[in-house]
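Subject: Structure for you to look at

Hello,

Here is the structure I promised to pass on. Please open it first, then read my notes below.

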Amino acid sequence: MLMRAPLDIRSLVEARRPGYTLEAPFYTSREVFDLDLDVIFGRHWIFAGLEAEAPTPGDYRKIDIGAQSVILVRGDDGDMRAFHNICRHRGAQLVTAERGRVIRFVCPYHQWTYKRDGELINARQMGADFDKSCHGLKPVHLRSIGGLLFICLAEKAPDDVDEMAAAIEVRLAPHDLRNAKVAAQMDLVEHGNWKLTMENNRECYHCGASHPELLNSFSEYSVGFDPGAVSGRQQAEANAYVEFATKSVADWEACGIASKPVEHLKGRASAFRTERLVLAGENESQTMDSKIACNKLMGTITQKKLGGLHIHTQPNSWHHAMSDHAISFCVFPLSPDDTLVRTTWLVHKDAVEGTDYDLDNLTKVWKATNSQDAALVERTHAGVKSSAYEPGPYSPFTEYQVDDFVTWYIERLGAYLAEG
Amino acid sequence: MLMRAPLDIRSLVEARRPGYTLEAPFYTSREVFDLDLDVIFGRHWIFAGLEAEAPTPGDYRKIDIGAQSVILVRGDDGDMRAFHNICRHRGAQLVTAERGRVIRFVCPYHQWTYKRDGELINARQMGADFDKSCHGLKPVHLRSIGGLLFICLAEKAPDDVDEMAAAIEVRLAPHDLRNAKVAAQMDLVEHGNWKLTMENNRECYHCGASHPELLNSFSEYSVGFDPGAVSGRQQAEANAYVEFATKSVADWEACGIASKPVEHLKGRASAFRTERLVLAGENESQTMDSKIACNKLMGTITQKKLGGLHIHTQPNSWHHAMSDHAISFCVFPLSPDDTLVRTTWLVHKDAVEGTDYDLDNLTKVWKATNSQDAALVERTHAGVKSSAYEPGPYSPFTEYQVDDFVTWYIERLGAYLAEG
Amino acid sequence: MLMRAPLDIRSLVEARRPGYTLEAPFYTSREVFDLDLDVIFGRHWIFAGLEAEAPTPGDYRKIDIGAQSVILVRGDDGDMRAFHNICRHRGAQLVTAERGRVIRFVCPYHQWTYKRDGELINARQMGADFDKSCHGLKPVHLRSIGGLLFICLAEKAPDDVDEMAAAIEVRLAPHDLRNAKVAAQMDLVEHGNWKLTMENNRECYHCGASHPELLNSFSEYSVGFDPGAVSGRQQAEANAYVEFATKSVADWEACGIASKPVEHLKGRASAFRTERLVLAGENESQTMDSKIACNKLMGTITQKKLGGLHIHTQPNSWHHAMSDHAISFCVFPLSPDDTLVRTTWLVHKDAVEGTDYDLDNLTKVWKATNSQDAALVERTHAGVKSSAYEPGPYSPFTEYQVDDFVTWYIERLGAYLAEG
């Protein structure tokens, strides 16, 4: 009898070589993908969306993570809650639209009816013995951090999220994302594994040749370089950059704008990194001319030159908040070979399109950058499928955050496997 | 070494909770789907089509059930036969069209030639020693019950089909489906598991909110209700319905129209249910105005108000025969997630479209109803995929036939597993 | 616990019945398909393309075999080389176009740069300790036989290819394919297993009823027949054919045109067959009127009536070289159910379209024939999926080469399984 040996994920986890890309099955196999959904997306805090997507009581947003469908809904009390999108009768999905507004959730199959807080209040034809209180909507952990909504599908959610929340809340406070408005949202499917999407985001080694639009506001010195391979001119530029960045952070902090970097990218469940970077050019925003795209500044902000507050959370998000707008990126695995990247542009809630901002100007840089990244992810995914692929070395200067992401990922799988 | 435990179908079968929907893997897993094809569709009598689809010797209909392809063909002797649609030489399919007429089956690959009764009569280049008599078409069990064609792919077919045949033959006799004409046929792919399609058909708890067209001729009291939750007015209506239905059945029986209900939905291989229901409104037919759609009545029928003879067979069909037309529904699994529903409208063989009936009027109710059901099945299938799904309770008043279907299904899997 | 027994390929290999088609799993199962890619396509010499596809230094052709992607490139020294199409850094594919011309291979992700001979010459940001010499492109075995390019993905390639090379080189020499020009190339996806595509090519039992265009230049007596089933007239025609073919081969050999048949279809790794067949009709070329399609004859050829030099290689190619043009066919498995057939028409490198040849006239016969074959393969694949399919007998007169192909295939799997 001949059969393939099942994939030995445990050995692959143990054998991971630091500083190198993952073995191919981590990017390509169905078994690892299923494990990623169970362990990485099933037991960690996952970025799911924004409070700004559901400003009014009854507003909901449907989120799909693998086969799980979750409703994020603003309750009558103004709080956000999350529920599994399943009727407790025959299992029908309560909502199929991506977003909407409801008074109650009425299942369209047999009209079982739930309040916005999940309580089952009507189930006809079930008889007098039927106990409605046992058949409410199943809740999902939800936490709003500065207007960013994180959910956890596990029974018990990691509690080290508190430290992440503390760092992010104070930094996002001036941008007041809870009172921001969604100016635009774009879903893009990248034809590659979700970890390649994340790895691509965690370095700018590729930016120089691929992202001309982004480089209008991005300094090449902000993302690492090999000090042994720069010219005298480059060294002088780098020194100037560091000096300017250091002074900017000190100035912002002096104004009460929390800006100091915090980095906890591994060794914990809820891993993150945040830093307020100075920008290139006019140093105002991530736009084609590096100037603000929205005349009405965010939240309580009064100065245009606030750089870009970068927030990276593991496993699946990154966010850039400037003085005038913020951009939020969210990654959902669709299959071993396909990944959804959702990009949301936020402005002050009172900003008016056409008056305060031009939508094309606001979104141009990242529409282009996302498209360029999708092509890079796709060709990398195609390559790692080859049996001739073997893990390659990360640059110690420009790709350490990629290495940290991969290290965190392997740690999390390892912790899970150690349990079983 | 880490691998998922294979799905433990035996334990899932044993653990089924009566009165509740199935565990998710029954609806979603490939393993169960393969077992369904082998056990449910491979060892039971499956509704495959109608004699009326092949009225003339040489007429054939191709039926695909999973990877099995079967030819239903009317022979020179006027009898229907069924064969596997495979040439005995290299395995090519003899026919690829859905229907047609042949003198002989000639394989288009190397021209091996078979008579309509399956005999191989020509195989050139095979030499003098080749024994054609060992290479005839492989037969499939076939049984016509009142013009409904049932096949069984197993070597030995369940013989309790006799009782089903006896009950259905006498009830269908006045409608004479063997001499009916196919007025229309429609294939619809529902994006859900085939058992959700069947469950949806086995109750009308959902009809009130979903099927406005169907409700023109369907009494809500014919399909069960909670007596403890009706108003005084409703109770009076229900009583009136029961009185009318009882009298109608007695009147029909007195005229020689077999109408008494028969129900054998579990505890046997060939399970079925039949009942002649009175209709709502004008009480003539399942049309928008509840009046007959075809002026030429079926078979030997002379009275318009014959109600609707309902026939349910497990695992995969239901049929409604009225005085003027009949509608036949057939379910074929395509994948764990996709199901073919084939609907056929039959009228008297001499009825002329445009003169005796208007095709749009004839088909309008069920075209709409099928489409509504497909949406309900799809959203239920999407829901049960979630790991948060758990079996929910059926209504004891309106969903007992769903429960019986599921119980029969579990019994049949259980009987198979007990063999191995 | 219930689970399907894994497919017992070893037993299926051992149980193969000579003279009969394969058991269904060889054509339909994912496990066998994966094994085919590993063993048949991973350890044998695979026909991959033609030197004529990359005439100039820097010209490359990308070839995909399963998940493997290979670059065939002409080097600065004029030699062809093959490399895995993967950057050694993060695994991105170096090229995604089917063909092109490069000075160097520059990975578009982070600009690692390789010479045409695979040497890594630039990898920025990797630091002074990084050893470029360990990170060159991974080579693939490549061998040009008379301009036909064969690759082997295994570490050690079968060395019995020498005998195949000797036989083919001398026969192709007059046609000088190395200096031919690609006049046309067509990719066609057949919806069937790759072995059914190959089996279809290895017999002309099906030609009479399916290939009217091809039969203009193909004698039915050249491909085997049952001597016990021919009429007196047919016997006389067959005798005349044999006499003519024997004389033609003798005449060609006398002119220095190697033409004697060589057949090694089993019992070895690198199996092949070659024969110069006389043609029907005008006996010049495989065209609608059986006359040459290109006025400029190939290579050193001066006489139009050179028949058709047939070359069959296992597992995946066949080639027909006439006096005026050659046609090369290449088979790549895409999935258990889908196969790519690539057809390339070659003429003398100096032949000018519109002047020396008409493209439609050149390609008409095989465009039609390929399309007809695709339909036959598709219906056979659909048939063998049925559980009612069982292996059928090959004609001993017209299908012995099919049997030899299947025998070779089973031998190669058997040899592999004996190792493990």
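I started with one strand pair in chain B. Strand β16 (residues 326-335) and strand β17 (residues 338-348) of chain B run antiparallel and share nine bridges. Across this pair, B:Pro333 stands opposite B:Thr339 in β17(B). Bear in mind that this is a predicted model.

Both strands belong to an open sheet of seven strands in chain B. The order is β11-β17-β16-β15-β14-β13-β12, with antiparallel pairing. From one strand to the next, the twist averages 15°.

Next, the core. The largest nonpolar core has 313 residues. Take B:Leu72: leaving out residues up to four places away in sequence, its contacts include B:Ala48, B:Tyr60, B:Ile63, B:Met80 and B:Leu149.

Now the chains together. Chain C superposes on chain A by a rotation of 120° with 0.0 Å of shift along the axis, at an RMSD of 0.0 Å. That is the relation of a three-fold axis. In chain C, the C-alpha nearest this axis belongs to C:Pro6, 6.8 Å away.

Last, the A-B contact. Here 27 residues of chain A meet 27 residues of chain B. On the chain A side, α1 (9-14) and β3 (68-74) are the elements that give two or more residues. That side has 10 nonpolar, 11 polar and six charged residues.

Best wishes

How values were computed
Residues are numbered from 1 along each chain as its sequence is written. Chains are lettered from A and ligands numbered from 1 in the order in which they are written. This is a predicted model: local features need pLDDT of at least 70, side-chain atom pairs count only at pLDDT 80 or more; totals for chains, interfaces and linings use all residues. Copies are superposed by least squares on the C-alpha atoms of residues with pLDDT of at least 70 in both. Two residues are in contact if their C-beta atoms, placed from the backbone, lie within 7 Å. Helices (H or I, at least four residues) and strands (E, at least two) are DSSP runs, numbered from the N terminus. Ala, Val, Leu, Ile, Met, Phe, Trp, Tyr, Cys and Pro count as nonpolar, Asp, Glu, Lys and Arg as charged, and the others, Gly among them, as polar. A nonpolar core is a set of buried Ala, Val, Leu, Ile, Met, Phe, Trp, Tyr and Cys residues joined through C-beta atoms within 7 Å. A residue is buried if 20 or more other C-beta atoms lie within 10 Å of its own, exposed if 12 or fewer, and partly exposed in between; C-beta atoms are placed from the backbone. Two strands pair if DSSP finds at least two bridges between them. Axes are lines fitted to C-alpha atoms, for helices over the stretch in contact, and angles run from 0 to 180 degrees between N-to-C directions.
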